Amino acid sequence: MTPISLEFFPPKTPEGVVKLAAVRQQLYALKPEFCSVTYGAGGSTQDGTLAAVQAILAEGVDAASHFTCVGATRASVREKLQLFQGAGIRRLVALRGDLPSGYGSFGEFRYASDLIAFIRETTGQHFHIEVAAYPEMHPQARSPQADLEAFATKARAGANSAMTQFFFNADAYFRFVDEARALGLDLPIVPGIMPITNASGLMRFADSTGADIPRWIRMRLQSFGDDTASIKAFGLDVVSALCERLLAGGAPSLHFYTMNQSTATLALCERLGR
């Protein structure tokens, strides 16, 4: 059976916490390898992140906390690593993070690779470290080659595996993996999968992250207007076909961006025969 992992974001209200707990129980039927929980800009949701990660661990499922270093000091990162170790966390998704408004500088860690090297220096092999990969290039990278070199630096700093930004073009993923392998990088590179359930939300998200929605998909979604049933049916067809192609081409597993919902991810996995 294809291994999968799931991503959630920390709820902002008590009602959201209850709802997410119910969503997780539904998705655990898929037997995920682990669940990751995101961090806000500058670590703005870190208390909620830690609470969600601890809840997942208490439910008997492995969990990874996103961990950003923007605006951080070596002392603050060391303190946070001790907190994570004390909470029984063994997986981290190490990211530079976005500079929140009002921050003047990046702090003592300029790049995610600096954070990864410091985690290894401080905690050895305690943590399984996931990193981000961008098959269609990080929006702030100077060039595809510079982006690939940044990825290689993260891998060599001590990353165990990588998860990609979501995409809808399988060729971009396969090309990125081939180029990484050509540099001698053998870590697993797991495709990040975004279910399509809401056309306007998806387009906004893609525009803000630099992910490409192919024109034919964008035009179909726009043609459906407010017909959510058609959007979801079309999205299920498109994304399940993408997943099938990725797996046939050797993708090691799939990482689903659930957006704290269960229905679309369950439908995709059912279509994939899980």
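Two strands count as paired here if DSSP finds at least two bridges between them. Strands (E, at least two residues) and helices (H or I, at least four) are DSSP runs, numbered from the N terminus. With that in hand, five bridges join strand 3 to strand 4 (residues 91-95), and the two run parallel.

This is a predicted model, where local features need pLDDT of at least 70 and side-chain atom pairs count only at pLDDT 80 or more, while totals for chains, interfaces and linings use all residues. Residues are numbered from 1 along each chain as its sequence is written, and side-chain values use heavy atoms, with hydrogens and water left out.

**The barrel**

- Eight strands close into a barrel with parallel pairing, in the order 1-2-3-4-5-6-7-8.
- On average, neighbouring strands of this sheet are turned by 30 degrees against each other, direction ignored; axes are lines fitted to C-alpha atoms (for helices over the stretch in contact), and angles run from 0 to 180 degrees between N-to-C directions.

**Around strand 3**

- Strand 3 covers residues 63-68 and is mostly covered, with six of its six residues buried. Buried means under 20% relative accessible area, exposed means over 50%, and partly exposed is in between (1.4 Å probe, protein chains only).
- In a regular strand the side chains alternate between the two faces of the sheet.
- Here, Ala 63, Ser 65 and Phe 67 point one way from strand 3, while Ala 64, His 66 and Thr 68 point the other way.
- On one side, strand 2 (residues 35-37) runs parallel to strand 3 and is joined to it by three bridges, with Val 37 standing opposite Ser 65.
- Towards strand 4, Phe 67 stands opposite Ala 94.

**Around strand 7**

- Strand 6 (residues 161-166) pairs with strand 7 (residues 189-193) in the parallel sense over three bridges, and Phe 166 faces Gly 192 across that pairing.
- Helix 6 (residues 170-182) packs on the sheet and touches strand 5, strand 6 and strand 7, its direction making about 160 degrees with that of strand 7. Contact means heavy atoms within 4.5 Å.
- Helix 5 (residues 144-157) lies across strand 5 (128-133), strand 6 and strand 7, and runs at about 180 degrees to strand 5.
- Strand 7 is mostly covered too, with five of its five residues buried: Ile 189, Pro 191 and Ile 193 point one way, Val 190 and Gly 192 the other.

**Salt bridges**

- A search of the whole structure turns up eight salt bridges, each a side-chain nitrogen of Lys or Arg within 4 Å of a carboxyl oxygen of Asp or Glu.
- One of them pairs Arg 24 with Glu 59, the closest N and O atoms being 2.9 Å apart. This pair links distant parts of the chain, 35 residues apart: Arg 24 sits in helix 1, and Glu 59 in the loop between helix 2 (46-58) and strand 3.
- Arg 24 counts as buried at 4% relative accessibility, whereas Glu 59 is partly exposed at 30%.
- Arg 91 and Glu 130 form another, with their closest N and O atoms 2.8 Å apart. It ties strand 4 (Arg 91) to strand 5 (Glu 130), 39 residues apart.
- Both Arg 91 and Glu 130 are buried, and together with Asp 62 they are linked in a network of salt bridges.
- Asp 171 and Arg 245 meet side chain to side chain at 2.6 Å, N to O. That connects helix 6 (Asp 171) with helix 9 (residues 228-248, Arg 245), 74 residues apart.
- Asp 171 is partly exposed at 44% relative accessibility, and Arg 245 is partly exposed at 41%.

**Loops with positive phi**

- Lys 31 has a phi near 55 degrees, a positive value in a residue other than glycine. It is found in the loop between helix 1 and strand 2 and is exposed, with a relative accessible area of 65%.
- Met 137 has a positive phi of about 80 degrees, although it is not a glycine. Its place is in the loop between strand 5 and helix 5, and it is partly exposed at 25% relative accessible area.

**Gln 26**

- Gln 26 lies in helix 1 (residues 14-27) and is partly exposed at 43% relative accessibility.
- Not counting residues up to four places away in sequence, Gln 26 touches Ser 262 and Leu 266.
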